[in-house]
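Hello,

Here is the structure I promised to hand over. Please open it first, then read my notes below.

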Amino acid sequence: MDRRYVSEFTRFMSQYLADHPEALEEQRRGWDIYWDHHVDFSAMEKAREDTVPDDTYGFHPTVRAKHLH
């Protein structure tokens, strides 16, 4: 007798993925879009060099005026 417990949700997902193999492909495609993208380190370095130091309170008029002159 098999005493291993399999939850109802696990059984549902296993059956769903067996019936819809395209769901796994969509999952992989989404993962590639959001997580496995290529990083252009030279562009990141250029962006870092091109930034203006943050005054930490940029919407305050007196601080902004001080940085403009």
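Glu25 and Arg28 form a salt bridge, with their closest N and O atoms 3.4 Å apart. A salt bridge here means a side-chain nitrogen of Lys or Arg within 4 Å of a carboxyl oxygen of Asp or Glu. Side chains of opposite charge can pair when their charged atoms come close.

A word on the source: this is a predicted model, where local features need pLDDT of at least 70, side-chain atom pairs count only at pLDDT 80 or more, and totals for chains, interfaces and linings use all residues. Residues are numbered from 1 along each chain as its sequence is written, and side-chain values use heavy atoms, leaving out hydrogens and water.

Back to the pair. Glu25 and Arg28 both sit in helix H2, three residues apart, about one turn of the helix. Helices are DSSP runs (H or I, at least four residues), numbered from the N terminus. Glu25 is partly exposed at 45% relative accessibility. Partly exposed lies between buried (under 20% relative accessible area) and exposed (over 50%), with a 1.4 Å probe and protein chains only.

How many salt bridges are there by this rule? The count is four. Among them is Glu26 with Arg29, whose closest N and O atoms are 3.2 Å apart. Another is Arg48 with Glu45, at 2.5 Å between the closest N and O atoms. Arg48 and Glu45 lie in helix H3 (residues 41-49), three residues apart. Arg48 counts as exposed because its relative accessibility is 53%. Glu45 is partly exposed, at 34%.

Best wishes

Terms used:
Helix = DSSP H or I, 4+ residues; strand = E, 2+ residues; numbered from the N terminus.
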